[in-house]
Amino acid sequence: MRVAMVAPLFVPIPPPLYGGTERVLWWLIEALSRRGHEVTLFGTGDSTTSATNAPFVERALCFGAGGRLIDPVALHLALAEAVRARADAFDVIHNHADYVCFPALNRASRPVVTTLHGRLDTVGLAEVHRAYPSPVVSISDAHREALPDARWVGTVYHGLPMDLYRPGEGRGGYALFLGRISPDKRPDVAIRAAREAGVRLVLAAKVDPVDQAWHDEHVAPLLREGGGAEFIGEVDDARKIELLRDASALLFPIAWPEPFGLVMIEAMACGAPVVATRYGSVPEVVDEGVTGFVCDDDVKALAGALDAAAKLDRRAVRARAEARFSDARMAEGYEAVYRSLIEGRS
């Protein structure tokens, strides 16, 4: 198939650091290309993939615009119109830039599907999906709960290239918190749970400007207390994999309706079990007692699960990740969606 892949313009593909959507999109492009599909990427000029690059902007918006103000909505609207104008060159258009592309892409001459990557419990989303009933894909079944009347055409779990994530033995003597410091991710709970369990905790995470005040009030005081919690900041892919291979477990005490939680399958691919709270997709992604434990939002429950997770068979964790969350499985899921839309259109 000839696939037009529409990417958000904020971060290049692959992302140099944080960027879950862009990382998944990179893996999907590579997997589809290996399977013989002709993929064209509409995104940023500093992206590097196996797809034919059709950049709409020269550099990702996260790198700024030479001191000028950026209007990302205007740019994504124009991006969608540029893709629509070239629609006849493709069999299917796969949009990852959300509903801002709906007005243009709903008028495309070829089938369009949008993978929704973000949270859906937001006022206004139901109205926009009623106004533009475009086919959409969820990244977990739980992802659909806040928007049940959208035009769902499939659920496709994220998948990753397993050969990039070598399993480790977990002998680093620490549990790991990985990703972003924010009230949704609950690093403060992670610190308290690790201390309750008597386990050293490494926090490898970025602090966005919008979350700096919350970090300073809720996280920094806990770090100053000492007690085995070490904050090392944001890390690149190589360091992230190294940390996951040596971690006894990934601690994921979220408090929001997580659509998928990419870091959970990255941990599993490295053999690290996951200890997480019961929100969003977590019960779908974590196989209880095999790849980790799903807990109520309670420090003592998380601490007990950390101890139990250290006793799980890391080879079984890795094997389950290979069976459920490979990039090949993800590509197969999207191929099925593409075929159904193409056959429906014809």
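Colleague: Where is the place of S281, and between which elements does the loop run?

Modeller: Helices (H or I, at least four residues) and strands (E, at least two) are DSSP runs, numbered from the N terminus. Here, S281 sits in the loop that lies between β12 (274-277) and α9 (282-285). The model is a predicted one, in which local features need pLDDT of at least 70 and side-chain atom pairs count only at pLDDT 80 or more, whereas totals for chains, interfaces and linings use all residues. Residues are numbered from 1 along each chain as its sequence is written, and side-chain values use heavy atoms, with hydrogens and water left out.

Colleague: Does S281 count as buried or exposed, and which residues does S281 touch?

Modeller: A residue is buried under 20% relative accessible area, exposed over 50% and partly exposed in between (1.4 Å probe, protein chains only). S281 has a relative accessibility of 0% and therefore counts as buried. A contact means heavy atoms within 4.5 Å. With residues up to four places away in sequence not counted, S281 touches S140 and A142, together with E258, P259, F260, G261 and M264.

Colleague: What share of the residues is buried, and what share of the contacts joins residues 24 or more positions apart?

Modeller: Of the 346 residues, 53% are buried. Among contacts with a separation of 6 or more, 65% are between residues 24 or more positions apart.

Colleague: In which helix does L79 lie, and with which residues is L79 in contact?

Modeller: L79 belongs to helix α2 (residues 72-85) and is buried, with a relative accessible area of 0%. Leaving aside neighbours within four places in sequence, its contacts are V6, A7, L9, F42 and F56. Sequence separation and distance in space can be read side by side: L79 and P55 are 24 residues apart in sequence, and their C-alpha atoms are 9.4 Å apart.

Colleague: In which helix is V317 found, and what separates the C-alpha atoms of V317 and E225?

Modeller: V317 is part of helix α11 (residues 314-324), and its relative accessible area of 0% makes it buried. V317 and E225 are 92 residues apart along the chain, with 34 Å between their C-alpha atoms. Not counting residues up to four places away in sequence, V317 touches M268, G271, A272, P273, V290 and T291.

Colleague: Which residues of helix α5 are buried, and against which elements do they pack?

Modeller: Helix α5 (residues 187-197) has P187, D188, V189, A190, I191, A193 and A194 as its buried residues. They pack against strands β8 (175-180), β9 (201-206), β10 (229-231) and β11 (250-252), and against helices α6 (212-224) and α10 (299-309). The residue after α5 is G198, with a positive phi near 70°.

Colleague: What is the phi of D98, and where is D98 found?

Modeller: D98 is not a glycine, yet its phi is positive, about 70°. The residue is found in the loop between β4 (92-95) and α3 (102-105) and, at 28% relative accessibility, counts as partly exposed.

Colleague: Which residues does a cis peptide bond join?

Modeller: I13 and P14 are joined by a cis peptide bond, with omega about -5°. P14 lies in the loop between β1 (2-6) and α1 (20-34).

Colleague: How many disulfides does the structure hold?

Modeller: A disulfide is a covalent bond between the sulfur atoms of two cysteines. The criterion is a pair of cysteine sulfur atoms within 2.5 Å, and the structure holds zero disulfides. For C101, the closest cysteine sulfur is that of C62, at 18 Å, which is too far for a bond. C101 is buried, with a relative accessible area of 0%, and C295 is buried at 6%.
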